[in-house]
Every structure is written in C-alpha cells, then in structure tokens.
Amino acid sequence: MEPWQRWPLLLLLAPLLLLPSSASASCELDEEGNNCYCNFSAPNPEWDRIAMCISSVQADIDGGGHNLDIFLQKVIADPSKISDILRSLRLKRLRLRGAQVPAPLLHQLLKALTYTRIEELSLVDLVISMPPLLPPSFSDNDLRLKALHLHRVLWTGEGNLLATVGPWLKPGLKALSLTGLNLSYVPCPELDAFGELNSLDLSDNPEITENGLTSALCFSKLQALKDLALRNTGLQSLGRVCRALEATETNVQRLDISYNELGGKPWPQCTWPPSLLSLNLSHANLKCVPKPLPKKLQQLDLSYNLLRKQPQLPQVTDLILEGNPFAYAGASARLQREQPTEDCAVLSRGSKFAGATLAFLVSGTAALALLRWTREFA
Ligand SMILES: *[C@@H]1O[C@H](CO)[C@@H](O)[C@H](O)[C@H]1NC(C)=O
Ligand SMILES: *[C@@H]1O[C@H](CO)[C@@H](O)[C@H](O)[C@H]1NC(C)=O
Ligand SMILES: *[C@@H]1O[C@H](CO)[C@@H](O)[C@H](O)[C@H]1NC(C)=O
C-alpha cells in the first residue's frame, strides 16, 4: 500500500501543496482579505490569478505594460448579464496601472463598475487605444464614484479624456485628479458638471500657466471646492496666481503650488481669496516671504526655498521652514553678510497691514537678536 493511500487526507491537500508559493504568484491578498495586489509584469502573465481579488475591497492591478487587446479576442461578456454577481462585490477602490487598454474594453469595465459599489477609480500610466470610447447608453446606470484619479493616461482619441469619461459619472464626485495629462488649461466645460467637487488636483501639467487659471471661470461655480493643487505646473509668478484666483472668485481653502519657479518675478497688487487658510510654497525658489499673505492664513509651507533669514510670521500657526539656507547655522551668517535680504513686499490695495502686526514683527526680530546676543556673550 502506497503511503498516500493510507492518508487520503494528504491526497486532498496535495494540489494545495503544489500551488506556487505566494511570493511567486502574480496576485496577493492580505490576511483580512481586504487588499489585493496583482503584478502582471511577467512576460506571460497568469491573468486568471485576478480571481483572487474577487472579494477584496481594494484592488491594485499592475498590467506590466501589456496590451490588453488580447481580451478583445475573447467575447466580452455583457456586464448586465452578471449584474447580480457585480452587485455582491465588496469592491470600493480600484487602481489599474501600466497597460495599453483598448477603448472598447474600458467601456466594458466602466459599464461593469456601474453595478458595483465602487467609490474610487484610479487609472495610472495607461495608453487608451482604439478610440472612440463610447458614451454610456440610456439604459446604463451612472458610475457613482466619489473620487477619480487620472494620472499619465495617454488618450489617442479626439477630445480630452475627461470629456469622454465624464458622461459615465454622477454629479456626486468629490475628488478629481487630472495629473500628468499635458493639460494646458483648466477643463472648465467638463468640471461644470461636478458641483459637489471639493478637491481638484491638476499637478504635473507643465503647460498650465497663470493664464490658464485666469480663464478658469468655472471656479466661481465650484463653490464646494476647498483643495486646489497645482504642483509642478507652469506657474511663474505668485502675484499673478493671486490675481488669477482673485478674478475667479474661488472659495478654496488650501492651495498647493509647490514645485513651481515662483521666485524672481515682480509682484502685482492683489488680494488673496479671503477663504485661503493653507498655502504650500515648498520648492519654489523663493528668496523672501511673499507679502501680502492671505489674511486668515494658518498654514504656510516654505520648505526648500532660498530664504536666508528666518521669517517671523506670528499669525501663521503652522509654519514649515525646513531646507532653507538660514537653517544651516554657519553658512547663514556668511550669506547674510554677503547678500542683503531682498524685500518681496508690495503694498496691495486689499491688505490692511496693521501697524500693530508690523510692530510685533519688528519687536519679535529685535527680541531674537537680543536673545542671540545674550547667548553669545553670556
Ligand atoms: C513585479 O514583478 C516583476 C517581475 O515579474 C518584478 O521585477 C517587479 O519588481 C514587481 N513589481 C513590484 C512592485 O513588486
Ligand atoms: C505629454 O507630452 C510628452 C511630450 O510631448 C509625451 O511624451 C507624453 O506621452 C505626453 N503624455 C500624455 C499623457 O499625453
Ligand atoms: C507641500 O508640498 C510638498 C511638496 O509637494 C510636500 O512634500 C509637503 O508635504 C506639502 N506640505 C503640506 C503641509 O502639505
């Protein structure tokens, strides 16, 4: 008698033991069964492995740059025929990256997702081929997304990507990122449909300049918009950014314009939107603190600039200054002697730069100097 015949249980387990270890499998599911990650970078990916993600809440699929038109050769199932299964999925967040996706397949995916409870969809590093992307038909449901992220998605069809994906979405969208898409303007005609939008990220579009902002008249309609990010775009003058925002009458509270070359341009008169509470000017080549600052500013990130003097801004409760020359103690004294600090201030019609604040600033600086002096000579 063979040993395995004596232990039938072992026989049952054998196929399981033969499965490849999870380290070499294309898909991994975490212990709770919530997060699933698939890496299909291998030359001949085992696409079937994606079944592992069927019960996950968050699925992160890396297509390894493969062309997904292989799926078009098979007959694509009509998602409405499996709507019951789709409705039972727990899927809330789906991230698809690194693949060439034919538009008909994207259409089927969007259609299938309308039956699910998905809230967040991210499409990253994709090439959408074989346009056009058909709009939803009258019988199709809406895609009830709260967040849509499109990052470096190359669209080979006509028009822009948001205009083709937009018709699938419900107005309830809260967060939208259109990053790395080579946009040169704020896509207002499409944004108008999302009145509840509270976060808009247009970063990594180097062709968006102050002119693009000034013409973004939809900002006055997007009254729920609180977060605006324009990291690494084509902005060059903080004063003109301020003016553009002033012109659009936006209500934004947090503005991130880090990684723009904002130093060294003249400062036109301007009043920042009174709603502005947080301003990120990190990595912006600033040699001095811009003035005037938004009146109710609470958070200011000036990290990694060229400030040679520690700014005194008592009204800002959260001031981030790391990575500026003044922080390197020895070098800072020398630099201060060699180069007089530049003055960025321009009197603006809107800023009531109170004498009291100025006095406080001056006395603060004096106190600091006194403190240093006493320390050095004590
Ligand atoms: C994905 O798999 C490839 C090999 O197939 C490997 O080189 C790469 O590091 C993996 N990526 C990640 C993020 O694990
Ligand atoms: C953006 O433009 C660059 C240079 O023309 C190009 O290489 C890149 O593929 C474009 N990206 C997108 C998403 O259109
Ligand atoms: C400001 O922007 C920089 C660079 O984009 C980022 O690292 C930093 O976390 C941001 N600061 C805040 C307060 O969010």
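**Stop one: ligand 3**

By class, the shell around ligand 3 has two nonpolar, four polar and two charged residues. Select the ligand and show what surrounds it: Arg231, Ser258, Tyr259, Asn280, Ser282, Gln299, Asp301 and Ile320. Keep in mind as you look that this is a predicted model.

Now zoom in on some side chains. Which atom of ligand 3 sits 2.7 Å from an N or O atom in the side chain of aspartate 301? A nitrogen atom. Turn to asparagine 280, and you'll find a polar side-chain atom 2.4 Å from an oxygen atom of ligand 3. On its own, ligand 3 has 360 Å² of accessible area, and the protein covers 56% of it.

**Stop two: ligand 2**

Next, pick ligand 2 and bring up the residues around it, which are Val153, Leu154, Gly180 and Asn182. That shell splits into two nonpolar and two polar residues, with no charged ones. Click on asparagine 182: an N or O atom of its side chain is 2.2 Å from an oxygen atom of ligand 2. Taken alone, this ligand exposes 370 Å², and the protein buries 41% of that.

**Stop three: ligand 1**

Over at ligand 1, select Tyr37, Asn39, Ser41 and Ala42, the residues surrounding it. How many charged residues does the shell around ligand 1 have? None: there are two nonpolar and two polar residues. Asparagine 39 puts a polar side-chain atom 2.4 Å from an oxygen atom of ligand 1. The protein covers 32% of the 360 Å² of accessible area that ligand 1 has on its own.

Searching the whole structure turns up one cavity of 30 Å³ or more. To find the largest cavity, select Gly239, Trp267, Pro268, Lys291 and Pro292, which lie nearest its centre among the 11 lining residues. About 70 Å³ of space lies in there. Its lining is made up of nine nonpolar residues, one polar and one charged.

**Last stop: colour by confidence**

Finally, colour by pLDDT. The protein averages 83, and 79% of the residues score at least 70. Residues 1-23 stay under 50, and the model gives them four contacts beyond four places in sequence. Residues 346-378 also stay under 50, with 23 such contacts.

Notes. Residues numbered from 1 in each chain as written. Chains lettered and ligands numbered in written order. Predicted model: local features only at pLDDT ≥ 70, side-chain atom pairs only at ≥ 80, totals over all residues. Heavy atoms only, no water. Near = heavy atom within 4 Å. Polar contact = N/O pair within 3.5 Å; in protein donor to acceptor, adjacent residues only side chain to side chain. Areas by Shrake-Rupley, 256 points an atom, 1.4 Å probe, with all protein chains shown as cover. Nonpolar A, V, L, I, M, F, W, Y, C, P; charged D, E, K, R; others polar. 1 Å grid on protein atoms, 1.4 Å probe; cavity = no way out; pocket = protein on both sides within 12 Å on 5 of 7 lines; lining within 4 Å. Points joined across faces, edges and corners; volume = space filled by probe spheres on them. pLDDT = per-residue confidence, 0-100. Contact = heavy atoms within 4.5 Å.
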